Amino acid sequence: MDSALIPEGVKRCSLWKFLLALSITSGVLLWGVIAMLLCWIKGLNQTNMNDYYGFALWIWADLAVIALGGGAFFSGLLKYIIGKDELKNLINYAVLIGFICYSSALLILAIDVGQPMRSWFIFWHANIHSMLTEVAFCLSCYFAVLTIEYIPLILENRQINKVPFFHHLAHNMHGVMAIFAATGAFLSFFHQGSLGGVAGVLFGRPFAFRDHILIWPYTFFLFTWSAAAFGPCFTLFITWMTEKITRKKLVKDKPILLLAKISGWMIVTYMVVKSIDTWYWATHTAPSLGFNWEFFFKNNPLYGKTMLFSEIILGGWIPGLLLIFRPTRENSVTRTTAFFLGMAGVCINRWVMVLQTMAVPVMSFDSWAMYIPSWQEVATTILPVAYGVILVMISYRYLPIFPQEKELNPIEGSAGSVDKQVGQTPAGDDSPLQPAQI
Amino acid sequence: MKQEHTQHRSKRYGMVIDLDKCTGCGACMVACFSENNVPFKKDETDKRLSITWMKVYRIDNGRDFPNNQVCYIPRPCQHCAGQHEGHSPCVSVCPATATDYSRETGIVSQIYTRCFGCRYCMGACPYHARYFNWWDPVWPEGMEKYLSPNVSPRMRGVVEKCSFCFHRYQLARDKAYANRRKDVKEADYQTACTQACPAGAITFGDLNNPGHAVHQIVKPNDHVVKNKAGISIIGKSQNPNVFRMLERLGTNTKVYYLSSREWVRKAGDNYIADEKPEDMFAEQKKH
C-alpha cells in the first residue's frame, strides 16, 4: 500500500507487519507520555527525587544519551573534516541516531525542570559562569545542526525527491554539509565538555570535583573524549541490531571495521587519560579535601569498588583492547561484545558522576543517600527509547538510510523497474543522493 | 575621609552559633518557618522532602555511656563566599542567575520568580541548605491570614533557602533612612532564629564591623590565607574555638560555630587518618 514511498530497489516488510510493530512501540510511547503529562500537570512530586537527589535518573539519561549520540559528531568529523570517506555508508545512520539522542535529551530536560514554562530563562538570564548555560546553548545549537543534517535525508524520500525544489535543496545541503559537520564538531566539543564540567566544577562535592586546566575541570575533556570514543560504539551497535532485526546486511564490513578501529583507539587513549585522572583524584584531590578515596566506595549498598572496576576495566579497557586488535575486531561476537561493554562503561561513568555524587555524604555527620526512581521516572526515561525506535522504523522504511543496502541485498527482476519521472537526478541516476555522490 | 571609608566599606553579614549553648530545642526552626512563610505538609515523615531553612542536626561523640556526649548543630544557609567573593557553590552554577551574591551584604539571595527549577544549585550545595518545592504550598484553613506580608510564598517547582531574613535588612534600612542614618544598627537587623533562640546561642551581625558582637567572637582574619591544599580561605577565624563547616573545601561560609569541645570542632570537617584541624594551616601564607 505504501510501496510508492519506499526507496527503490530495496525490500521492506508488509505494511501490516510494520503497523503492528509500530503500534506495539507506540503503546510504550503512550505509557511514557502519560508519565510525562503527570509530571507536567502534577509536578515533580511524581518522582522519587528529593532534596538530596535534585539530580537523578533523568540527568543520568540525559548525559548517557548525549554521550552515546556522540557518534554523530565524531563520524561527521571523521568523514567531512578528516576525510574518512568510507564512513559515508554509516553517516546517515549516525546522524539519525544523533538526532534521536539529542531530541530525547531536550525532551527529558523539559520534563526535568520544575517550571518548564520558564525554561527560556536559561537563555534570557544566562549566567555565563554556569556550565549548564553552556550546555543549554551548545545543545540547542547542535540539535539545530543535527536537524539540518537530517533534513536532506527526509528530502530523499522517493516522493519528496520528485519535487525539483526539494531535490535541489537536498543536493545543495549535501554540498555544504562539511560546514555543518565542522560546526557540529565544534559545538559538540563544548557541550559534551560542559556536561562533564557540570559535575567537575562542584567544589562542594569532593567525589565529582576535579582540578582545572584554565577554567575547565578535567572532566570537561574526559566527557568530550569519551563521547567521541564510545559514541561510535553505539552507532555500530544499533547498526548491528538493525541488521539482526531486518535480517539483512546493511553496511559492508569495511566501514564498520574502520569505525570500530578508530573507536577502539579512542577508547584506549581515553582510558589512559581516565586512569591517570582517577589515580590523581584518588591520591591528591580527594585527600586534599579530607577524604580517603575508599570512603566513596564503602558503607553503602550500591556504590562499591565493583562499580569502579566495571567502569574502568570492564567497560573501558576491555572493549578498547578488543577493538584495537584485529582478530577480536574482525570477529563479530567479540566486536559486538566490545560495543556493548563500551556503551555500558560510558553509561556507568555518567551514572556515578551524577548519582554517586549525590549519594556521597559530604558533612562528616551526614549519611549516604540512596534512591529508587518512581515508575513515572522510569516511563519517561523509556519514552525516548520508544520514540527513537519509532523514528528509526519510519526512517529505515521510507528513507535511503543505508547507501549499500541495495547492493548488498539485490532484488531479482527489479533492474528494469526504475521510474524515469520528473524530479529524478539531472544525470538520470536513479539512486537516491548520497553524500559520497555529491 | 575616615567617615567616607566606613560608609563605603561593604558589609559581610554572618552569624556564629555557640554549640555549647544550643540545646536542640528547635525554636530557631519554628521561628524561621513562621517568619519566612516556609510551607509544610500534613505528612513530614520523609525529611528529605521537608523544607527546613534552618535545620538542627544531632551528633554525638560515638562513645558509650557515661562518656557519651551530644551536640546539636543548627544549619541555616551558610552564605558561602567561595574562592573569591561571589563564587559560592550555588551561585556559580545557577544557569539563569536566579541566585545571586550581594557584594554589599555578603548575602546569597534566591530569586523565586526567576528560578526555573533545574536544581543544579541543590546538587552543588554540600550543606543541603537548598530546598525544592515539590508541591505547591497548602496552608491550613485560615492560616493565610497569619503569613508574613514581607516574604513572598513560593510556588511549586522552584528552589528556596534561608535568606538571613533579608526582608528584615530591608526594613532596617528603611528605618535607618527614615532616621537620617546611613548605617543599619546592629540591633535593627537580627534574624528571626537569632531572636528566637532561648539560650542566646546565635549571634548575628556584620563580620566586617569590629563593633558588632559577631566580629568580636569570630575575629575573622582580614587577609586571605591558603590552606595546605592551596585553597583560599577568606575570613578564617582567629578564635581557636571557632570553626566553619567544610572549611577546607573553600566554600568560605559566613556561618561560624563555636565550641570548646575538640570533637565537635573536628566534626565540622573531614580529615583523613591522623590529620588534625590545626595541620590544615601549618604553612599559612598571607595572600
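Cys165(B) is buried, with 29 other C-beta atoms within 10 Å; the count for a buried residue has to be 20 or more. The model in which this residue is described is a predicted one. Cys165(B) is located in the loop that runs between strand S7 (159–160) and helix H5 (166–178) of chain B. Its phi is near 45°, a positive value in a residue other than glycine.

A positive phi also occurs at Arg180(B), about 60°, although this residue is not a glycine. Arg180(B) is placed in the loop between H5 and helix H6 (192–196) of chain B. Arg180(B) is exposed, with 6 other C-beta atoms within 10 Å, and the limit for an exposed residue is 12 or fewer. Pro66(B) belongs to the loop between S2 and strand S3 (70–75) of chain B.

Chain A has 15 helices and 2 strands. The radius of gyration of chain A is 23 Å, close to the 22 Å given by the globule rule for 438 residues, so chain A is as compact as a globular protein of that length. The C-alpha trace of chain A spans about 80 × 50 × 40 Å along its principal axes. Of the 438 residues of this chain, 49% count as buried. Among contacts in chain A between residues at least 6 apart in sequence, 80% join residues at least 24 apart.

Within chain A, helix H11 (residues 305–324) packs with helix H13 (residues 332–359); their axes come within 8 Å and cross at roughly 145°. The crossing of H11(A) with H13(A) is left-handed. Residues of H11(A) in this contact include Met307(A), Leu314(A), Ile318(A) and Leu322(A), and those of H13(A) include Ala338(A), Leu341(A), Ile348(A) and Val352(A). By class, the contact of H11(A) with H13(A) comprises 11 nonpolar, 8 polar and 1 charged residues.

The contact between the two chains takes 40 residues from chain A and 43 residues from chain B. On the side of chain B that touches chain A, at least two residues each are supplied by strand S2 (55–60), helix H3 (89–93), helix H4 (120–124) and strand S6 (131–132). H4(B) gives the most to this side, with 4 residues. By class, the side of chain B that touches chain A has 28 nonpolar, 9 polar and 6 charged residues.

Terms used
Residues are numbered from 1 along each chain as its sequence is written. Chains are lettered from A and ligands numbered from 1 in the order in which they are written. This is a predicted model: local features need pLDDT of at least 70, side-chain atom pairs count only at pLDDT 80 or more; totals for chains, interfaces and linings use all residues. The radius of gyration is taken over C-alpha atoms; the globule rule is 2.2 Å times the number of residues to the power 0.38. Two residues are in contact if their C-beta atoms, placed from the backbone, lie within 7 Å. Axes are lines fitted to C-alpha atoms, for helices over the stretch in contact, and angles run from 0 to 180 degrees between N-to-C directions. A crossing is left-handed if the near helix is turned anticlockwise from the far one by less than a right angle, and right-handed if clockwise. Ala, Val, Leu, Ile, Met, Phe, Trp, Tyr, Cys and Pro count as nonpolar, Asp, Glu, Lys and Arg as charged, and the others, Gly among them, as polar.
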